[in-house]
Amino acid sequence: MPSARRMILGHVMSGLCSKMNRTKQLPADLMETPLNRCLTTFDITLLGIGHMVGAGIYVLTGTVAKEMAGPAIVLSFTLAGIVSLLAALCYAEFGTRVPKAGSAYVYTYVSIGEFWAFVIGWNIILEHMLGAASVARAWSGYVDSMLGNVVANLTMEVTGEMHEKLLAKYPDFLAFFVCLSYAVALAAGVKATAMINSILTTVNVAVMTLVVVLGFWYASIDNWSLPNQGFIPHGYGGVLAGAATCFYAFVGFDSIATSGEEAKNPSVSIPLATILSLCVVTVGYVLVSAALTLMIPYNEINPAAALPDAFGTRGITWAKYAISTGAICGMTTTLLGSLFALPRCLYAMASDGLLFSCFGKVNTKTQVPLLNLALSGLCSALLALLFDLEKLVEFMSIGTLLAYTIVSASVIVLRYRPISVEETVHLAPDTPGTDEEDGGPVGSDTLAAPASSGGGIDSSSQSSTIDPSSPTSEMIEIALAGRLRPQFRWLEPVLGRCEPGVACSGAVLMFCVLSVAICFQLTSSWDELYNGTWWALGLYGFLLFCLVACVVVISAHHQNTRGLQFKVPFVPYIPALSIFCNIELMVHLSFLTWLRFFIWLSIGMLVYFLYGIHNSKEGELGTSYSMLMSTNEAIRGWGSTSTALGGGTKVTVTKIIKGRISRKTAGDKQAIVDDDDDDDS
């Protein structure tokens, strides 16, 4: 009886694990969607710029410059921009692979599995709600400061102060109504939203240009070298702390990926808009912060209204009104970006069955998920009503960094994962003949891949003569994905028995665990390492050796990059660096932030295990990540000039991997890729 219970329990747990790890099957037509595909590259670029250039430039700049980094705020923004760029490159590649709404949620679903996808999607919901609430609070505070704090004083007279430590000092009704009004405006449709965003973003960029030009006109280099202060008054620790805070200013670029299902040409628009918007915003932040700290000494900056006060001290009163206009426009576009992305993430999760089905409905007239938009606007408005800006920003960072980490890991996993043997590819009809010409079966005359899991190619002489752009080369790359390279055969005793792609996935997981260990150790025992304590040096040396070993194991395998119009360069090094930097920033968050995060995650686990896992639309069998590996033009084999079935001959990848070119039908035909180990060896 106990053994029967163990068998039943084992069966239940096995079924649970398979459900949690199942991956999303994408439809055959990735461009089909109930949403309105009407956004151009220009629209999406301005959407990304508008989402990023808002509260960051008008609120964070003064705070970071005065309290954390001083004139070295330019270094803080540069570091934050570089870390964000590492993640943005990974988002751009996934935007090419998956032109669907949902951003990091969808990317994780198709590459890692359902459970982690839900975790990321649940955190993205929190991220955008907090983002909208924080910007609404900043918008309210900025307008109130221009009016002489009339709104705050009147509110405290009527309602009194809230004496709860976790809440704001007073309820912000102006921020509440701002959230609701912008949510109503978004209900007009995506094209109208894009038009409004483009106009406001253009005004904001013009104001930023004015700030930079006037700031450098009135600049004094002496403000970067004050007596007993210097360029870095708070040391490099202040620069890093400023970079962690400035990171909040760059979190809006993932709204670009969320618009993938409404882009006309997502495989081109998403990566291009991501890189362009992030580069423009980084340059803009650096130039504005440099102009501000050159115009007045950093210790005289007013954190509440840094730019208007700086120009006021120079006697340029008219510029104050222009800057205030730009600030309102910038924070409006940021708020619009958060409220634009949040309903689409809810829609993506509900469409997959992980959230309640009512959130998967799209209004047929406006082609917008109106229920999601109403709920998003209300929840964001309530957060803006009750919490202040500082608490919202700090809590928002943890979900964003976790999403960036998993997206970077997913890029590595997909690059080294072999194509599924169940998937089929369409071969072009204008390439050399198939086996039907010789009267043999298709499977006998197709490309053969190595049979051993970890082996490389034993025919380097033949492969060296193959044109890299030929269909043959593409099929070879697909067949070898996740297998050891010939120059790393010395790793076969360790990795030779692993299935293709498994060693790389395990190395990615190990890299993440080691990164967490190193970052926590750096936080807790930096003094011992700095002083050269023997145990600290030995421990860090061992951890770094294991970290480098994980990267070596990953890079020792073949990649599959065919069909990607945009590829992250230097994989796995750039995604690995992105993972480490994101984890390093995460471990510096406060304990209270982590506690709030785990409470939110616990609520999400209840939703997933009580509803999502039972209503998911994904089946137990089959994955479709190979759809991400290739486009229709990505895989071209030897099509038939005499036989064309609907424009192409259809063969399975099983035949590509397991078949071999027949030596019996023609003496001059040789196997392009031979097995390293025959079955009878």
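Mentor: Let us begin with E93 and R415, whose side chains meet in a salt bridge with an N to O distance of 2.9 Å. Please keep in mind that this is a predicted model.

Trainee: Where do E93 and R415 lie?
Mentor: E93 belongs to helix α4, whereas R415 belongs to helix α16, residues 389-415, so the pair ties together parts that are 322 residues apart in sequence.

Trainee: And is E93 buried or exposed? What about R415, buried or exposed?
Mentor: E93 is buried, because its relative accessible area is 0% and the cut-off for burial is under 20%. R415 is buried as well, with a relative accessible area of 2%.

Trainee: How many salt bridges does the count come to?
Mentor: The count comes to four salt bridges. One of them joins the side chains of E114 and R22, with 2.8 Å from N to O.

Trainee: What does K24 pair with?
Mentor: The side chain of K24 forms a salt bridge with that of D352, at 2.5 Å from N to O. Here too the pair links distant parts of the chain, 328 residues apart: D352 sits in the loop between α14 and α15 (370-386), and K24 in the loop between α1 and α2.

Trainee: Why does D352 count as buried?
Mentor: D352 counts as buried because its relative accessibility is 5%, and burial requires a value under 20%. K24 is likewise buried, with a relative accessible area of 10%. As a general point, side chains of opposite charge can pair when their charged atoms come close.

Trainee: Let us turn to the serines. Where is S84 placed?
Mentor: S84 is in helix α4, which covers residues 73-97. S84 is buried, with a relative accessible area of 0%.

Trainee: Which residues does S84 touch, leaving aside those up to four places away in sequence?
Mentor: With those left aside, S84 touches F247, F250, F253 and L278.

Trainee: Which helix holds S578, and what does its side chain meet in a polar contact?
Mentor: S578 is in helix α23. Its side chain and that of S408 are joined by a polar contact of 2.9 Å. S578 is buried at 0% relative accessible area. Not counting residues up to four places away in sequence, S578 touches L86, A87 and S408.

Trainee: A change of topic: how do α9 and α12 cross?
Mentor: Two packed helices are described by the angle between their axes and the distance between the axes. The axes of α9, residues 190-217, and α12, residues 266-295, come within 8 Å and cross at roughly 35°. The crossing of α9 past α12 is left-handed.

Trainee: Which residues meet there?
Mentor: From α9, the residues are M208, V211, V212, G215 and F216; they meet G284, Y285, L287, V288, A290, A291, L294 and M295 of α12. By class, the contact of α9 with α12 comprises eleven nonpolar residues, two polar and no charged ones.

Trainee: I also want to check the backbone. Where is there a cis peptide bond?
Mentor: A cis peptide bond joins V571 and P572, with omega of about 10°. P572 lies in the loop between α22 (534-555) and α23 (573-586). F570, also in the loop between α22 and α23, has a positive phi of about 55° although it is not a glycine.

Trainee: Is F570 buried or exposed?
Mentor: F570 is exposed, because its relative accessible area is 64% and the cut-off for exposure is over 50%.

Trainee: One last item: how far is T325 from V203?
Mentor: T325 and V203 are 8.4 Å apart in space, C-alpha to C-alpha, and 122 residues apart in sequence. T325 is found in helix α14, residues 317-351, and counts as partly exposed at 42% relative accessibility.

Note on methods. Residues numbered from 1 in each chain as written. Predicted model: local features only at pLDDT ≥ 70, side-chain atom pairs only at ≥ 80, totals over all residues. Heavy atoms only, no water. Helix = DSSP H or I, 4+ residues; strand = E, 2+ residues; numbered from the N terminus. Buried < 20%, exposed > 50% of the residue type's maximum accessible area, 1.4 Å probe, protein only. Contact = heavy atoms within 4.5 Å. Axes fitted to C-alpha atoms, helices over the stretch in contact; angles between N-to-C directions. Left-handed = near helix turned anticlockwise from the far one by under 90°. Nonpolar A, V, L, I, M, F, W, Y, C, P; charged D, E, K, R; others polar. Polar contact = N/O pair within 3.5 Å; in protein donor to acceptor, adjacent residues only side chain to side chain.
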